[in-house]
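Q: I am new to this structure. Please take a close look at one part of it, then connect that part to the rest.

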Amino acid sequence: MRAIGDMLSDAAKAAAAKNGQDFSAESFEKMKKQVFADPDVRAFLTAHQDQLTKESVDASFASLYEYCRQKDSHDKVISGYLPQLFMEGPLIGIRYQASQDKQRRDKEAAAKRRIELIDLPEKLRRVKLADLDMADDRKQALFEVGAFLQAYQSNPHAKGLYLSGDFGVGKTYILAGLANRVAEKGGRVIFLHMPTFIAGLSSHFGDNSLQTEIQRLAVCDVLILDDIGAETLSPWSRDDVLGVILQARMDNDLPTFFSSNFDMKALESHFSATKNADDPVKAARLMQRVRYLAKEVVVYGNNRRLP
């Protein structure tokens, strides 16, 4: 094994060369004084004085030197990580731990990856419930969202919500805040714009991916169908796509959310009148699934999209 003095000399020479400095015995002694004068080093040595000897401290000087050099460094290679001293048997070791800021950013990035937006703007990923206006006209909706989130912590089969109300009252943003909170808790969310999704179903015909897409929507942890009722349905898209998705989610009690300009009664009329037929029986059957999956809550207020 190489002598510690040789290793320290090499480390100090490398650091000096990197900074365009000369290395000498005098600079080495100065470096040692700086390291042992560092308040964090002194605090660590004091806390572990019963485990350390002069020999073990001398043998650990390379770790102490690296710690002092890196703790205030702006080195991009280890950006976001903080050096930490620890006892490694009789010696002092150094390891790197993600800073609180990096842990927060990593957590946010992971949460964003758990939300899939389909035909919706990316800005919805940044919506937080705490930032939403708690006006009287939306308090009930936000209360119900909070109740769901509290229940969801212990029950992944908690019942969803059907937010109805006029244009621009904030239904989509409320559901975006909910989606982001679910993702923070580890749930996977698919949040899709119903009119665009239904209009784009034919894009799956070429590669036979429709069944795969239906299955993904049927089994995801939380599904949010935004602006339901604004789509143009055919009997096929109503019964063999939307009906199949909602039936599977009902069978498995999977949380499902809706936003709509229609109340549930008007949505049933919408489901009845498709492109080619009027079928109130099938519309009623589909609405049974919607009512089973979600509690209707009206969001009141003025159109927030207007200038």
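**A loop arginine and the sheet beside it**

A: Start with the side chain of arginine 125, which makes a polar contact with the side chain of glutamate 122 at 2.7 Å. (A polar contact pairs N or O atoms within 3.5 Å, one able to donate a hydrogen and the other to accept it; residues adjacent in sequence count only if both atoms are side-chain atoms.) This is a predicted model, where local features need pLDDT of at least 70 and side-chain atom pairs pLDDT 80 or more, while totals for chains, interfaces and linings use all residues. Residues are numbered from 1 along each chain, and side-chain values use heavy atoms, without hydrogens or water.

Arginine 125 sits in the loop between β3 and α7 (139-152). Helices (H or I, at least four residues) and strands (E, at least two) are DSSP runs, numbered from the N terminus. A polar atom of the arginine 125 side chain also lies 2.8 Å from the backbone oxygen of isoleucine 115. Leaving aside residues up to four places away in sequence, arginine 125 touches Lys112, Ile115, Leu117 and Asn180. Contact here means heavy atoms within 4.5 Å.

Now look at β3 itself. It runs parallel to strand β5 (residues 189-193), and four bridges join the two. (Strands pair if DSSP finds at least two bridges between them.) Glutamate 116 faces isoleucine 190 of β5.

Helix α12 (264-272) comes next. Its buried residues are Met264, Leu267, His270, Phe271 and Ser272. They pack against β4 (160-164), α11 (235-251), α13 (280-293) and β8 (294-298). Buried means under 20% relative accessible area, exposed over 50%, and partly exposed in between, with a 1.4 Å probe and protein chains only.

Alanine 183 belongs to helix α8 (residues 171-184). Its relative accessibility is 0%, so alanine 183 counts as buried. Arginine 113 is 70 residues from alanine 183 in sequence, yet their C-alpha atoms are 8.4 Å apart.

β1 (residues 81-88) and β2 (residues 91-98) are antiparallel, paired over eight bridges. Tyrosine 81 has alanine 98 in β2 as its bridge partner. Two residues lie between the strands of this hairpin, where glycine 89 has a positive phi near 70°.

Step back to the whole. The protein has 13 helices and eight strands. Of its 307 residues, 45% count as buried. Among contacts with a separation of 6 or more, 75% link residues 24 or more positions apart.

Last, confidence. pLDDT is the predictor's confidence in each residue, from 0 to 100. It averages 87 over the protein, and 89% of the residues score at least 70. Over residues 1-9 pLDDT stays under 50, and the model has eight contacts for them beyond four places in sequence.
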